[in-house]
Amino acid sequence: MKRSKTYLLALAVLVALALRALAQEPAAPSAPGGVHEVQMTAKKYEFNPNLITVKKGEHVKLVITALDREHGFKLEAFGIDQKLKKGDPTTIEFTADKVGTFKFQCSEFCGFGHGKMKGKLVVEE
Ligand SMILES: [Cu+2]
């Protein structure tokens with residue numbers, strides 16, 4: 001008799017723990033629809049940072065300043081191709097609505113290293 005009581009008690013504790021874990025789960029996705037702002041610079045021949053990681057569903061706001069001359073920011077997967085005027089912060093906004101790794105690159109010919117001026121946007125689940 002005593003054994004089955006202990007067993008029931010253990011079961012009740014397990015059920016309580018499981019319910020608590022389930023109740024906490026929906027809180028996990030960090031701020032759906034939140035704004036993710038990144039300050040960036042562009043110069044011959046690099047973007048800094050050149051690796052941007054965001055979460056799916058976030059509204060991404062890139063504020064990019066071209067330091068040495070005019071450059072461009074092309075993120076084809078999200079239909080973005082924006083000129084970056086020298087010394088003038090340009091804001092580019094989009095919603096990261098798909099998961100994956102997407103390349104971006106300079107879209108304004110800026111010299112012999114232009115073809116290597118690129119980076120990656122990683123959108124995580
Ligand atoms: Cu360029």
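Colleague: Which residues is Ile52 in contact with, leaving aside its neighbours within four places in sequence?

Modeller: Keep in mind that this is a predicted model. With close sequence neighbours set aside, Ile52 is in contact with Val38, Met40, Leu62, Phe104, Lys120, Leu121 and Val122. Ile52 itself lies in strand S3.

Colleague: Is Ile52 buried or exposed?

Modeller: Buried means under 20% relative accessible area. Ile52 comes in at 3%, so it counts as buried.

Colleague: Met40 is on that contact list. How far apart are Ile52 and Met40 in sequence and in space?

Modeller: They are twelve residues apart in sequence, and their C-alpha atoms are 9.9 Å apart. Beyond residues up to four places away, Met40 touches Phe47, Asn48, Pro49, Ile52, Leu62, Val63, Ile64, Thr65, Phe73 and Phe104.

Colleague: How do I read the nonpolar core? How many residues does the largest one have?

Modeller: The idea is to group buried nonpolar residues whose side chains are joined to one another. Here the largest such core has 25 residues, and those with the most contacts inside it are Met40, Phe47, Leu62, Phe73, Leu75 and Leu121. The elements giving two or more residues to this core include strand S1 (35-43), strand S3 (51-55), strand S4 (59-66) and strand S9 (118-124). S4 supplies the largest share, four residues.

Colleague: And the aromatics? How many pairs are there in the whole structure?

Modeller: A search turns up six aromatic pairs. To read one, look at the distance between ring centres and the angle between planes. Phe78 and Phe94 have their centres 4.9 Å apart and their planes at 40 degrees, so that pair is tilted. Phe78 sits in the loop between S5 and S6 and Phe94 in strand S7, so the pair ties together parts 16 residues apart in sequence. The rings of Phe78 and Phe102 have centres 5.2 Å apart and planes at 85 degrees, so this pair is edge-to-face. It links distant parts of the chain, with Phe102 in strand S8, 24 residues from Phe78. Both Phe78 and Phe102 are buried. Elsewhere, Phe47, Phe73 and Phe104 form one aromatic cluster.

Colleague: Are the two cysteines, Cys106 and Cys110, buried or exposed?

Modeller: Both are buried. Cys106 has a relative accessible area of 3%, and the value for Cys110 is 3%.

Colleague: How many disulfides does a search of the whole structure find?

Modeller: Zero disulfides are found in the whole structure.

Note on methods: Residues are numbered from 1 along each chain as its sequence is written. This is a predicted model: local features need pLDDT of at least 70, side-chain atom pairs count only at pLDDT 80 or more; totals for chains, interfaces and linings use all residues. Side-chain values use heavy atoms; hydrogens and water are left out. A disulfide is a pair of cysteine sulfur atoms within 2.5 Å. Buried means under 20% relative accessible area, exposed over 50%, partly exposed in between (1.4 Å probe, protein chains only). A nonpolar core is a set of buried Ala, Val, Leu, Ile, Met, Phe, Trp, Tyr and Cys residues joined through side-chain atoms within 4.5 Å. Contact means heavy atoms within 4.5 Å. Rings of Phe, Tyr and Trp (its six-membered ring) pair if their centres lie within 6.5 Å; planes under 30 degrees apart count as stacked, over 60 as edge-to-face and the rest as tilted.
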